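Please keep the sequence and the structure in view while reading.

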Amino acid sequence: MPASLPSVRERARVLLQGICHVCNVCDGRRCPTGVPGMGGTGTGASFRNNLSALAAWQVNLRVLHDRKDQDLSRKLFDQKLTFPILGAAVAGARVNFQGRLGEEELARAFVLGAAEAGSLSFTGDGPIPELMDAGLAAIKAAGGRGIPVIKPREDGEIVNLIRRAEDAGAPAVAIDVDAAGLVNMVRAGQLVEPKTVEQVAGLAAATNLPLILKGIMTVADAEAAVAGGAAAIVVSNHGGRALDHTPGTAAVLPEIAAAVGDKITVLADGGVRSGVDVLKMLALGARAVLVGRPLAIAAVGGGIAGVRHQLEVLADDLAVAMRLTGCGDLGDIGPGVLRQVWQNNYPGRDKNFVL
Ligand SMILES: Cc1cc2nc3c(=O)[nH]c(=O)nc-3n(C[C@H](O)[C@H](O)[C@H](O)COP(=O)(O)O)c2cc1C
């Protein structure tokens, strides 16, 4: 077991030289690499927007209340989670980490680390079969506690991979629909495409597992996911890796949650770096959040134990944030916890507050 999170991160800083600076706050400002690598695509604006959208919300400190104990547990896809913080899909060790960590080690660190912490992790997909193989093997090793994210490939190929997810015991299966133009797939000559509502419906009907669509950034796409019979969406811009100049996810999450939150499970990711960030995403309408880069750094620096430790640090931080905002359990976390930064300048005017 690594001694501490700082020592895990220090080890990662050495191993990731030239790829990632392992900054104190991972905000996309100094990334030495984009995609492939650890940064965002193009100018990196979408990555940075995730951080600034979260920073545009402040939290109301409340300490005169009776919520003395915090319960962070939540049920998701029939799985009991100790806390609502999941591992995001992070794959492609060969290209993104220049092979300084193996694909299997990466997938096992995310899936087994999250499972040991009482949560679960997503796994990724890419142009070579090694990525999906490593993810599914890790999910199997964790007794099915993990969710594979399949690229928006040709429908028949997706169904084949869904069958393998079912065999691995996964509680749900996902498609990162925002990878419809992903550069490494395109360069490798692998078909990825936008999906119609009819295609989504066909894929949802092809399995008894809940189908999750990851990479939803508009109300229109969220409504299309509902119409296609998806069980859940992840409000995500792929950590700013799919399309330059998209908004931050915390900016679009409230309107998406307001439109479909009573019809479909809404998850979110992008720029979550602390327990306060988790609290904000939940207050904006997410049932749970996914964390990418901080766990990737923990995986490189500390393997399974590193990921487990990083998740537990985030959960402890969330518990403190809940205590100091008057929340005893996740059901207490709502819009009342939040204050938008512009309200400081225009007190009493809340016309843009859409929750
Ligand atoms: C190196 C790297 C590889 C990734 N690989 C995948 C992938 O294979 N499939 C996927 O759906 N998302 C992938 N993502 C996106 C994450 O699942 C997630 O949406 C994003 O990292 C969340 O933002 P954060 O890193 O700021 O927490 C990847 C992200 C990174 C940084």
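How do the residues of the lining of the second largest cavity divide into nonpolar, polar and charged? They divide into 6 nonpolar, 3 polar and 1 charged, where Ala, Val, Leu, Ile, Met, Phe, Trp, Tyr, Cys and Pro count as nonpolar, Asp, Glu, Lys and Arg as charged, and the others, Gly among them, as polar.

## Basis of the model

This is a predicted model, in which local features need pLDDT of at least 70 and side-chain atom pairs count only at pLDDT 80 or more, while totals for chains, interfaces and linings use all residues. Residues are numbered from 1 along each chain as its sequence is written, and side-chain values use heavy atoms, with hydrogens and water left out.

## Overall form

The protein chain has 12 helices and 12 strands, both taken as DSSP runs numbered from the N terminus (helices are H or I with at least four residues, strands are E with at least two). Along its principal axes the C-alpha trace spans about 55 × 50 × 40 Å.

Of the 355 residues, 55% are buried, where buried means under 20% relative accessible area, exposed over 50% and partly exposed in between, with a 1.4 Å probe and protein chains only. Among the contacts with a separation of 6 or more, 71% join residues 24 or more positions apart, a contact being heavy atoms within 4.5 Å.

## Enclosed cavities

Rolling a probe the size of a water molecule over the atoms shows where empty space is left. On a 1 Å grid over the protein atoms alone, a cavity is a set of points where a 1.4 Å probe fits but cannot get out, whereas a pocket is an open set with protein on both sides within 12 Å along at least five of seven lines; lining residues have an atom within 4 Å of a point. Grid points are joined across faces, edges and corners, and a volume is the space filled by probe spheres set on the points.

The structure holds 2 cavities of 30 Å³ or more. The largest cavity has a volume of about 110 Å³ and is lined by 16 residues, of which C20, H21, C23, C26 and C31 lie nearest its centre; by class, its lining has 10 nonpolar, 2 polar and 4 charged residues. The second largest cavity, of about 50 Å³, is lined by residues including V90, E103, F110, F122 and L131. Helix α4 (103-116) gives the most to this lining, with 3 residues, and β5 (121-123) and α5 (129-141) each supply at least two.

The largest pocket has a volume of about 700 Å³, and of the 40 residues that line it, A89, A91, N96, H238 and R241 lie nearest its centre. The elements that give two or more residues to this lining are α3 (93-96), α7 (183-187), β11 (288-291) and α12. By class, the lining of the largest pocket divides into 19 nonpolar, 11 polar and 10 charged residues.

About 440 Å³ of space lies in the second largest pocket. Its lining has 22 residues, of which V177, D178, G215, I216 and D221 are the closest to its centre. Here α8 (197-205), β8 (211-216) and α9 (219-227) each supply at least two residues, and the lining as a whole divides into 12 nonpolar, 7 polar and 3 charged residues.

## Nonpolar cores

In soluble globular proteins, nonpolar side chains tend to be buried together. A nonpolar core is a set of buried Ala, Val, Leu, Ile, Met, Phe, Trp, Tyr and Cys residues joined through side-chain atoms within 4.5 Å. The largest such core has 89 residues, and those with the most contacts inside it are L16, I85, L213, I233, V235 and M281. Helix α12 (residues 293-323) gives the most to this core, with 13 residues. Apart from it lies another core of 17 residues, among them L86, F122, V149 and I212.

Leaving aside its neighbours within four places in sequence, L16 is in contact with V22, F97, R100, I297 and V300. M281 is also one of the buried residues of α11, a helix (residues 275-283) that is mostly covered, with 8 of its 9 residues buried.
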